[in-house]
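Trainee: I have a model open and would like to learn how to read its features. Could you take me through some of them, beginning with a charged side chain?

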Amino acid sequence: MIQVNAKFCTRITTTSTRRLKPQASSIKPPRLCGLNIVSARVGGLRNPSQRLQPRGCLKSDVRKWRDFAPCGVYSWRMELNPDICYRALLTHDARFDGQFFTAVVTTGVYCRSTCPAPPPKRENVRFFRHAAAAQGAGFRPCLRCRPELAPDLFAALGSSGVVAQALRRIAEGALDEGSVAELAISLGVTERHLRRLCVAQLGASPVTIAQNRRILFAKQLIGETDLSFAEIALAAGFGSIRRFNDVMQATYARNPRQLRRGEDHGQRDPNAAITLRLAYSPPYDWPALAAFLAARAIPGVEDVGPQHYARTIELGGAHGFVVVRPLADQQALAVSIRFPSVAALGQIVERVRQLFDLHTNAQAIFDQLALDPVLGPLVRARPGLRVPGAWSAFELAVRAILGQQVSVAAATTLAGRLVAAHGTPVAGEGFPPALTHRFPLPHELAAADLTTIGLPHTRAAAISSLAAAVVREPAILKAGTVPEDAIARLVALPGIGPWTAQYIAMRALREPDAFPATDLGVRRAFERLSAGQALAESAEAWRPWRAYAAMHLWRDLSPV
């Protein structure tokens, strides 16, 4: 395990860069809130865009390697500066929450940067990039600041990177029933290489990360819900209640009942909603995100207002609903979940995080885009603008096809007709009145005649073709480690062009550098702001956050 001492910063170097001769780089590290908590640099490269290959590998033996971004975000060598981290710790500034964790050697506890406890002495602290690394080093979570409530900012690694994709799939429960080998295969790397990357970039192996996520999620459920301990063990991904009790006792030196500080509520009403807090890294522009979703809300499936977002959900043949509201004073969202199976709770929470873009470090995006001569005024006016995600990649893809060559309002009308004709009614006791249907599944649309709802034959055929493709290969709408591959798979489908593929990549695949350059709204907004500059040339300076640049341009052209 890589350790941080008081004098030297942690140096995380991959095997590839370790074999290259060091050379100075002109790439400037990204600035976070005025402090370089994580300094990034590229060594041994004659050109920042040069791709790295492991020694002894032919060019045809490996997948395409990611180019280095001009801002240094995708660098292979990262340093966590303990002196700057300690200065950030003294401020208790919420903008640093989730960017690092502080471990106190005298107490054996690790904390968030916002912990209200008196700051420890400089010589008694160590800093870690991930909570799992601190736990793997023998530290236990703080009961006062509750690390389980810290923002999960793995998007800072680049959402298409192997480690970021691994973190996302671990959060979705990939290691609750599967193995690290299966996870590595799904990412296109070997198990050994995946473990090496996770240890290099985060300081913890995939198994340690998954275990830490289970523990922190279980701790949040203990503190914020009335679920029984058996239900919590199931929801957090533990194999048994005995295993759950043993792990919590070993981690916190307290059993679950002591952590709850009250009586176990036993059996709960299965129809009751479960409410949790999901933290984000400020700033966060809820009004803009709610307005965007409201304009595109599918009638019967979604209901959006200024202070709420509600929708029906479906997993494994069961259905329920979620309601999300902002908690501005707590820098978090409150999500109320009603679903018949608590085992799906972790997966539902992760989908909500992606839908509301809670994994993003908005300050890092602001630090780069705010300096752009064209985008700068827009970014400074709305520093917390996010890219809305999607509950279902298939649903978003269908919605994107419906939106081809028509207005947002017309596409929303068509989506409502589609749901009314082919969706499944789900209204019942406890459901909000506006939520009446769940969105049709791929196999339901693959054989349906969609021209009856007023769709042109070409778009109806495109949706049918997409549905059939998802039935044959569900992974076609999953993000990969190389975003160009996912976009190429989408463009190969009938009726899906570059604009549709980029839009799906932005929202459903969570690719921060996706950019619908052919979008009429993007081009009009850019032409109005620029002085005759070329969009393609200017957009290169926005990498790797071009999706956020597109959101700013859309927002400038229209409030929705």
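Mentor: Gladly! This is a predicted model. Let us begin with R399, which is buried yet has no salt bridge. The nearest side chain of opposite charge, E302, is 6.5 Å away, and a salt bridge needs nitrogen and oxygen within 4 Å.

Trainee: Where is R399 found, and which residues does R399 touch beyond those up to four places away in sequence?

Mentor: R399 is found in helix α16, residues 393-402. Not counting residues up to four places away in sequence, R399 touches A295, R296, V408, A411, T412 and A415.

Trainee: R296 is on that list. How far apart are A409 and R296 in sequence and in space?

Mentor: They are 113 residues apart in sequence and 7.5 Å apart in space, C-alpha to C-alpha. A409 is found in helix α17, residues 408-422, and A409 is exposed, with a relative accessible area of 53%.

Trainee: Back to E302: which side chain meets E302 in a salt bridge?

Mentor: That is R311, at 3.6 Å from N to O. Both R311 and E302 are buried. Now look at the strands here: β9 covers residues 302-305 and β10 covers residues 308-315. They run antiparallel and are joined by four bridges. The two strands form a hairpin with two residues between them, and G305 has H308 in β10 as its bridge partner.

Trainee: How many salt bridges does a search of the whole structure find?

Mentor: The search finds 19. One of them is formed by the side chains of E224 and R146, at 3.8 Å from N to O. This pair links distant parts of the chain, 78 residues apart: E224 is in helix α8 (residues 206-224), while R146 is in the loop between β7 (140-141) and α4 (162-171). R146 is buried, with a relative accessible area of 14%.

Trainee: What about E444 and R438: how far apart are their closest N and O atoms?

Mentor: They are 2.9 Å apart, in another salt bridge. R438 is buried, with a relative accessible area of 11%, whereas E444 counts as partly exposed at 24% relative accessibility. Elsewhere, salt bridges that share partners join R146, E148, K219, E224 and R277 into one network.

Trainee: How should I read the burial pattern of a helix?

Mentor: Start with the general idea: an α-helix has 3.6 residues a turn, so residues three or four places apart point the same way. Now take helix α20, residues 483-491, whose buried residues are P483, A486, I487 and L490. These residues lie on the same side of α20 because they cover an arc of only 95° around the axis. What covers them includes α21 (498-507).

Trainee: And how do I read a nonpolar core?

Mentor: In soluble globular proteins, nonpolar side chains tend to be buried together. Here, the largest nonpolar core has 146 residues, of which L194, I348, F356 and W542 touch the most other members. Apart from that core lies another, of nine residues, among them Y86, A88, F96 and F100.

Trainee: Which residues is I348 in contact with, leaving aside its neighbours within four places in sequence?

Mentor: The contacts of I348 are I313, L315, V322, I337, F339 and W391. Two of these, I313 and L315, take you back to β10, which covers residues 308-315.

Technical notes. Residues numbered from 1 in each chain as written. Predicted model: local features only at pLDDT ≥ 70, side-chain atom pairs only at ≥ 80, totals over all residues. Heavy atoms only, no water. Core = buried A, V, L, I, M, F, W, Y, C linked by side-chain atoms within 4.5 Å. Buried < 20%, exposed > 50% of the residue type's maximum accessible area, 1.4 Å probe, protein only. Contact = heavy atoms within 4.5 Å. Pairing = 2+ DSSP bridges. Arc of directions from axis to C-beta. Lys, Arg positive; Asp, Glu negative; His and termini not counted.
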